[in-house]
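Dear colleague,

Please find the structure below, followed by an account of what was found in it. I would be grateful if you could read the two side by side.

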Amino acid sequence: MSGRTSVPSGAGAGRGARVEVLGLTAGYGRTRVLDAVRLTVEPGGWLAVIGPNGSGKSTLLRSVLGFHPHHGQVRIDGVPTSGMPRRDRARSMAYAPQTPVLPEGVTTRDYVTLGRTPHRPLLAAPRGVDRQIVADVMERLGLERMAGRQLTTLSGGERQRAVLARSLAQQPRVLLLDEPTASLDLGHAQQVLDLVDRLRRQDGLTVVSTLHDLTLAGQYADRLALLSEGRVVAEGSPEEVLTAETLSTHYGARAEVVRGPSGPAVLPVRAPAADLRPVEG
Amino acid sequence: MTTTTPGARPRAARAATPRRGLRAGAALGGAALVLVLALLAGVWVGALPLPPGAVVATLLDRLLSPLGIAVPGGLEGTEAAVLLELRLPRVLLASLVGAGLAISGAAYQGVFRNPLADPYLLGAAAGAGLGATLVIAYSPVQSVGPVGIVPLAAFAGALIGVGCALALGTAAGGSHSPTLLLAGIAVAAFLAAAQTLVQQQNTEDLREIYGWLLGQLGRSQWSDVALVLPYLGVACTVLLFCGRALDVLAVGDDEASSLGVHPGRLRLLVVLAASLATASAVAVSGLIGFVGLVVPHIVRRLIGGSHARVLPMSLLVGGSFLVLADLVARVVVAPAELPIGVVTAFVGAPFFAGLLWAGARRG
């Protein structure tokens, strides 16, 4: 319980919100990338959006955040985000992109402090309360010793934690993570996902992430949505979504799904040598 | 347990922050002091030697006379005229131009997230060059009221150049920064070509045109100071307020949006303000290179990359830098003068190289 009280959650902040995506359609030019996507994430839930390359995962996140023009509606606790001022939206949703831009010559502490932007006047200096929240978040994520270091000198795992810290300093109700483990080795990937899971459970944050690693998705998220060619083709618990049939149909992959105690694991299976034929299409 | 941990934390936070604030404040104070010393050196040193004590007395006398306080021991006659009508406007103008170019350069570099950006990038220099060349070559009048026609044409040309780049960039792809940069390059190339054409058609004016292009402070008057001060004042104020927003923009457009900032609007505001500062600086001094590119880098090496600190610091350091460069330009081959643009590069390039080298050695 002591970990819980150190959470820098003011009144109402840190409580996860219900996220609803209703009939979301988006594209680039004339190419349609997302087609009437419909998803719901319960408060405090973790939805992992999975799908083959080019299925529209990142575009879905960017559309939910309002960066990408789209039709359809996104609701946070029933309130449509379309009419929301950008600052209000920034107070409810935080975003960590797949390849975060790390500014030069900026210390980790200053970077994490950027997360306070939607909570203070844009022209004003960080207040005492902002500094306090930043210090708390950095301590929670084990970044105190890197506070004065240049962001660009951090290792991959430390950078990912710094980005997470910035998102948490935002005190969002929903955390949107685009491939949070993209450039990390297995150990660091697990550390980051463990951390996200702990933060989610402690703060009741709602997490929506894309994850290309299906085993990690199956073990950490409580729900999966499989996106294929811009449509949600399967949604449900990891056990429901991760089956050999869906992987074969939508990924063109041969894999076994092994049931484990913390969720299904996907085991790729090499084709028997006799089966090797020229690839079709 | 719950009571001890939160109690320990604020102390650490409090210990860490004032030190940073103090250091930034000390750096700004130091830079302001250097600027004052540079200004004093600028009015003191020159072809006609002036006694430093009398210089200070004269300046104090003029400053305090509206309050009814007279300071004795000031300069008289020619010496007073040299100080008040030649050196003072020149030194003030040098500091204003240097400050304007340096803060614009820092702002451009921030807004385009490009360390090679400088204030002349979006067609301000090419537009000003074309405007100045046109009136030097073709204008029948030399001035409109007390203001020379060349500064006016250069000012208008710079704003038109940036305006074209912004219009083209917006039409081609919104305020997305690479598109805007490329539009600026296209506009600058076109205007520079037009300027070269006019210049080649009017070879008898070549010397004057060339002198303007190299940058000059030798003919500075109080009217020049009065011309740039309002525009520069407005532009620099806007830029100083944008520092924290630029820090947010540094993490990329998407992330800045997710933090509640409008990258497009911010970029437009900063580009407009920086271009206004550049246009007014260029109008009175010609194309002085190097200041806008290098001063922000020097500043970043001294105090780090945060725009909230880099912008005000660039303002002060840029002012001192150009005052001192102008001093060198006046002294080295006295009584003749070197073009100020040559000196900024001559003084600035080795200094910058030294900083790079020292930075590399430090690791």
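In chain A, six strands make up an open sheet of mixed pairing, in the order β6-β7-β8-β3-β9-β10. Strands here are DSSP runs of E of at least two residues, helices are runs of H or I of at least four, and both are numbered from the N terminus; two strands pair if DSSP finds at least two bridges between them. At the edges lie β6 (93–96) and β10 (231–236) of chain A, each of which pairs on one side only. From one strand to the next, the twist averages 15°; axes are lines fitted to C-alpha atoms, for helices over the stretch in contact, and angles between N-to-C directions run from 0 to 180 degrees.

The model is a predicted one, in which local features need pLDDT of at least 70 and side-chain atom pairs count only at pLDDT 80 or more, while totals for chains, interfaces and linings use all residues. Residues are numbered from 1 along each chain as its sequence is written, and chains are lettered from A and ligands numbered from 1 in the order in which they are written.

Within the sheet, β3 (residues 46–50) and β9 (residues 223–228) of chain A run parallel and are joined by four bridges; A:L47 has A:R223 in β9(A) as its bridge partner. Helix α2 (residues 57–64) of chain A lies across β3, β7 (174–178), β8 (206–210) and β9 of chain A, at about 150° to β7(A).

Chain A also contains a hairpin, formed by β11(A) and β12(A) with two residues between them. Strands β11 (residues 255–260) and β12 (residues 263–268) of chain A run antiparallel and share six bridges, and A:G260 stands opposite A:G263 in β12(A).

In chain B, the axes of helix α4 (residues 124–138) and helix α7 (residues 206–214) come within 10 Å and cross at roughly 155°. The two helices, α4(B) and α7(B), are therefore roughly antiparallel (the term applies to angles over 145 degrees). On the α4(B) side, B:G129, B:A132, B:T133 and B:I136 meet B:E208, B:I209, B:W212 and B:L213 in α7(B), where contact requires C-beta atoms, placed from the backbone, to lie within 7 Å.

As a whole, chain A has 10 helices and 12 strands. The C-alpha atoms of chain A fill a box of roughly 65 × 40 × 40 Å along the principal axes.

With kind regards

Methods
Contact = placed C-beta atoms within 7 Å. Parallel < 35°, antiparallel > 145°, perpendicular 65-115°, else oblique.
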